[in-house]
Amino acid sequence: MAERFLEIPSLPSGEVTLAAVSCAHPQIIRGLERLGIEVVPVSACEGLPLPVRTHADMICIHLGGSDVIVARRKKDLVEALKRNGFHIVETQRTLGGTYPQDCLLNAVLLRKHLFARMDGLDPELISACRTKGLEITNVRQGYAKCSTAVIGGNEWITADPAIARAARSAGVDVLQIRPGHIELAGYGYGFIGGCCGCISKDVVAFTGKLDSHPDGFAIRSFLERIGKRALELSNGPLIDVGGILPLKEKD
């Protein structure tokens, strides 16, 4: 099967063939594999807090095409991505167990902007932004990627007011939902970006039932308004697994 790298991070233009997902949630991996998507399982990064130790949105960031930055000492993930043709740069710093040392790569891309808490970013990500001509928009929320579901070229979902304001200032159509109602063991709640990911141009996969969130109907309506639909990978509640990170698609 012919496939290609996603040119725009998080936003496939066709059917996704390869995605990175936490190894700690086999039911989500099986659900994706049943759809014909090969999964790169993200194993534990020992420096991170236990509940998020396998979260893709904490451990790596796709910059488009074959370029991915991966947390240092994650040799297994580096090798798995290299086998799939990716060009990997490792972080200069080591992910730590406290905020903001755990947010070295927790940033979200929009066209020529990268939204993140700038003082928490790894120097390699800042350098990559300069090389690619990306402008860094500083936001107070260090967990920018976790907090943001990028579902379209100009459409986001978030519960974070600061991210919503910054995104709207950049012309993004933002659906702001209520915080909480997403499970994350060890924490009071998880984030919307951690419980979903685009698996084709028209489909956004969620880890559980949208009805388990009080804004589930609003989320579904927002998707439908931009010509997309939700696919629920389980019958349980929404679970923050660190996101479904699409990497390759059918050519």
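Predicted model: local features only at pLDDT ≥ 70, side-chain atom pairs only at ≥ 80, totals over all residues.
**Rings**

I started with the aromatic side chains and found a cluster: Y99, Y143, Y189 and F191 are linked by ring pairs. I then picked out Y189 and F191, whose rings sit 6.3 Å apart centre to centre with 80° between the planes. I logged that pair as edge-to-face, because the label applies to planes over 60 degrees apart.

Y189 has a relative accessible area of 40%, and I get 23% for F191. I put Y189 down as partly exposed, because 40% falls between the 20% and 50% limits. F191 goes down as partly exposed too, because its 23% is not under the 20% that buried requires.

**L63**

I moved on to strand β4, which runs over residues 60-64 and holds L63. Is L63 buried or exposed? I have it as buried, because its relative accessibility is 11% and the cut-off is under 20%.

What does L63 touch, once neighbours within four places in sequence are left aside? My list reads P9, I69, L109, L125, A128 and K132. I also looked up E7, which is 56 residues away from L63 along the chain. The C-alpha atoms of E7 and L63 are separated by 8.4 Å.

**Whole chain**

Then I zoomed out. I count six helices and 16 strands in the protein chain. The C-alpha trace spans about 40 × 40 × 35 Å along its principal axes.

I wanted to know how the radius of gyration fits a compact globule. For 251 residues the expectation is near 18 Å, and the protein chain comes to 16 Å, so I noted agreement.

On burial, 58% of the 251 residues count as buried. For contacts, I took those between residues at least 6 apart in sequence and asked what share joins residues at least 24 apart; the figure is 59%.

**Surface and charge**

The protein chain exposes about 10,600 Å². I wrote down 50% as the part of that area supplied by carbon and sulfur atoms.

Last entry: charges. I have 29 positive and 28 negative ones in the protein chain. How far apart are the mean positions of the positive and negative charges? They are 2 Å apart.

Key. Residues numbered from 1 in each chain as written. Heavy atoms only, no water. Helix = DSSP H or I, 4+ residues; strand = E, 2+ residues; numbered from the N terminus. Rg over C-alpha atoms; globule rule 2.2 N^0.38 Å. Buried < 20%, exposed > 50% of the residue type's maximum accessible area, 1.4 Å probe, protein only. Contact = heavy atoms within 4.5 Å. Areas by Shrake-Rupley, 256 points an atom, 1.4 Å probe, with all protein chains shown as cover. Lys, Arg positive; Asp, Glu negative; His and termini not counted. Charge placed at Lys NZ, Arg CZ, Asp CG, Glu CD. Phe/Tyr/Trp six-rings, centres within 6.5 Å; stacked < 30°, edge-to-face > 60°.
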